[in-house]
Amino acid sequence: MKANIVEIKKKYFKGKKVSDEKVLEFVNSVWDKFLKEGYYIAMPLSSLITNDIEEILNSKSYGFKIIGNEIIKVLPLGEVGLIVNIDWKNSDEVYMPDELYKVKYISTIPNIVGVYSINNGEGKVSSHYENALKLSDILNVTFLSFNKHDYDPTYEMEYDTLVSDVICLYLMNKKYDININDRDRLIEKYQDDIIKTYKMLNKEDKYDDEIFISRVFNFISTKENIKGYKL
């Protein structure tokens with residue numbers, strides 16, 4: 001007998017005699033309705049291993065949790081992971097939706113249907129976003145971008161993170177060894193220009209990560225060339 005199934009029988013079937021198979025059909029039906037209401041079963045990943053999909057899929061158990069509109073408000077910026085479905089008939093443990101609001105490790109074979117990214121809406125400027133997007137391409141599944149601005153009207157942009165990501169991306173694009181001193185110098189020198197450009201594009205409702213990156217890179221390259229720096 002699967003773990004937790006006795007508790008589910010007691011809670012939802014009030015002592016009635018039902019087969020385990022009927023209980024599992026009931027559990028799957030509840031999950032199907034729940035997920036249609038805008039919730040997802042998420043399998044959070046370390047952003048450091050999103051490129052090693054074999055390591056991810058060869059794990060014996062995975063951590064799962066529920067995410068939805070209200071939950072996205074409090075998820076950390078940069079979180080990435082898989083969106084999955086679970087057939088509870090093939091799981092060693094059985095859980096109802098209200099039991100997965102905190103991460104639980106379950107031995108099962110998830111059906112991967114998407115990859116998600118929690119972000120500021122900055123797009124490919126963020127390495128976490130970029131890694132998640134690449135993983136969705138590798139797996140050939142839907143990419144879900146959860147922009148915190150869309151879920152929390154009081155959310156304030158983390159501009160320090162944006163500026164740091166832009167400068168690191170610029171240095172990598174120029175095939176320049178990322179030296180902390182050079183990175184910090186460029187951050188201090190161009191942070192106001194980067195933030196102004198980002199705000200301007202958003203104000204005009206024309207933000208596009210490729211346009212933003214191109215404008216900032218061209219601006220920095222021009223200034224650095226004038227000053228004689230060779231990045």
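This is a predicted model: local features need pLDDT of at least 70, side-chain atom pairs count only at pLDDT 80 or more; totals for chains, interfaces and linings use all residues.

Student: Why is the contact between Lys36 and Asp32 called a salt bridge?

Tutor: The label needs a side-chain nitrogen of Lys or Arg within 4 Å of a carboxyl oxygen of Asp or Glu. Lys36 and Asp32 have an N to O distance of 3.3 Å, so the pair passes. Across the whole structure, the search finds 10 salt bridges.

Student: What makes Lys36 exposed and Asp32 partly exposed?

Tutor: Relative accessible area decides: buried is under 20%, exposed is over 50%, and partly exposed is in between (1.4 Å probe, protein chains only). Lys36 has 66%, so Lys36 counts as exposed. Asp32 has 39%, so Asp32 counts as partly exposed.

Student: How do you know that Asp184 and Arg183 form a salt bridge?

Tutor: Their N to O distance is 2.9 Å, which meets the cut-off, so they count. Asp184 is partly exposed at 34%, and Arg183 is partly exposed at 25%.

Student: What makes the salt bridge between Glu224 and Arg185 a link between separate parts?

Tutor: The closest N and O atoms of Glu224 and Arg185 are 3.2 Å apart. Glu224 lies in helix α9 (residues 209-227) and Arg185 in helix α8 (residues 180-203), so the pair ties together parts that are 39 residues apart in sequence. Helices here are DSSP runs of H or I with at least four residues, strands are runs of E with at least two, and both are numbered from the N terminus. Salt bridges with shared partners also join Arg185, Lys189 and Glu224 into one network.

Student: Why is Glu224 called buried and Arg185 partly exposed?

Tutor: Glu224 has 1% relative accessibility, so Glu224 counts as buried. Arg185 has 23%, so Arg185 is partly exposed.

Student: On to the rings: why is the pair of Trp31 and Trp88 called stacked?

Tutor: Rings of Phe, Tyr and Trp (its six-membered ring) pair if their centres lie within 6.5 Å; planes under 30 degrees apart are stacked, over 60 edge-to-face, and the rest tilted. By this rule there are 16 aromatic pairs. For Trp31 and Trp88 the centres are 5.5 Å apart and the planes at 25°, so the pair is stacked. Trp31 sits in helix α2 (residues 20-35) and Trp88 in the loop between β3 (80-85) and β4 (104-106), 57 residues apart. Trp31 at 2% is buried, and Trp88 at 0% is buried too.

Student: What makes Phe34 and Tyr39 a stacked pair?

Tutor: Their ring centres are 4.4 Å apart and their planes at 15°, so the pair is stacked. Phe34 is buried at 12%, while Tyr39 is partly exposed at 27%. Trp31, Phe34, Tyr39 and Trp88 form one aromatic cluster.

Student: How do you know that β1 and β2 pair?

Tutor: Two strands pair if DSSP finds at least two bridges between them. β1 (residues 40-45) and β2 (residues 62-67) have 3 bridges in the antiparallel sense, so they pair. Ala42, for instance, has Lys65 in β2 as its bridge partner.

Student: And what makes β1 and β3 a pair?

Tutor: They have 5 antiparallel bridges, so they pass. In β3, Val84 is the bridge partner of Ile41.

How values were computed:
Residues are numbered from 1 along each chain as its sequence is written. Side-chain values use heavy atoms; hydrogens and water are left out.
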